[in-house]
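Me: I'd like a close look at the aromatic rings in this one. Could you walk me through them once you have the structure up?
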Amino acid sequence: MNVQNYFETAETMDLAQDMLGHTFTYKSDQGTFSGLIVETEAYLGPIDMASHSYNGRHTNANDPLYQKGGTIYIYSIHSWLDMDISIQKTGTPNGILIRALQPLTGIEMMEENRGKTGFDATNGPAKWMAAFGIKDKSLSGTMLNENNFSFSTKKVQTPQTILATPRIGVKNKEPWTSKNMRFIVKGNPFVSKLPKRDMDLNTYGWL
């Protein structure tokens, strides 16, 4: 299956869960960075009060959400950069936020870029972006598996358990604040805001 088919032929909520255990890779001037996706959040476009395309909002900045499935959307939140993947066919602006990665390749450089070591290097959406050395939005609108970013359309690792929780930072937008649209690999220590008592340091939550 090609990457566009992967992101266009299933429900957004299902894809947000299925993406866990796939690899995400960035080829940059610093070298190659890659990690396993361990945390995602789904955003359901015009109906979703937390989505950048709520009520059909369409700007130059969020235009990548309106493009074909597998398009990169980079945006800033409080001077930090986050990344969504456009989900569904052109014109349907759904997105999935990649919230956290378990590093595989380029770990030393990631830690140098972040000035942090261990789990704290990539356990959040802006953290892994900084670890990968992504400093601007210049690659927003590019397509996965065609340019600098690539995604394994097959799972590399399988989660033992996927937990669904409310999204983080979605305030005063009921009923959307309380909907379980964040998905994590249970026990994976690279999941954002995970208490130490909930970490599985033996298997990292993989089968």
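To start, which residue lies over the face of Tyr43, and at what distance from the ring centre?

Reply: Keep in mind that this is a predicted model. Over the face of Tyr43 you'll find Arg167, at 4.5 Å from the ring centre. There's a lysine case too: Lys179 lies over the face of Trp176, at 4.8 Å from the ring centre.

Now for rings that pair with rings. Searching the whole structure turns up 13 aromatic pairs. One of them is Phe7 with Phe151, a tilted pair with 5.1 Å centre to centre and 50° between the planes. Phe7 belongs to helix H1 (residues 3-8) and Phe151 to strand S6 (residues 149-151), so this pair ties together parts that are 144 residues apart in sequence. As for accessibility, Phe7 and Phe151 are both buried.

Next, take Phe33 and Phe132. Their rings are stacked, at 5.4 Å centre to centre with 20° between the planes; stacked is the word because the planes are under 30 degrees apart. Phe33 is in strand S2 while Phe132 sits in the loop between H4 and S6, so here the pair ties together parts 99 residues apart in sequence. Phe33 and Phe132 are both buried as well.

Terms used: Residues are numbered from 1 along each chain as its sequence is written. This is a predicted model: local features need pLDDT of at least 70, side-chain atom pairs count only at pLDDT 80 or more; totals for chains, interfaces and linings use all residues. Side-chain values use heavy atoms; hydrogens and water are left out. Rings of Phe, Tyr and Trp (its six-membered ring) pair if their centres lie within 6.5 Å; planes under 30 degrees apart count as stacked, over 60 as edge-to-face and the rest as tilted. Helices (H or I, at least four residues) and strands (E, at least two) are DSSP runs, numbered from the N terminus. Buried means under 20% relative accessible area, exposed over 50%, partly exposed in between (1.4 Å probe, protein chains only). A charge sits over a ring if NZ of Lys or CZ of Arg is within 6 Å of the ring centre and within 35 degrees of the ring normal.
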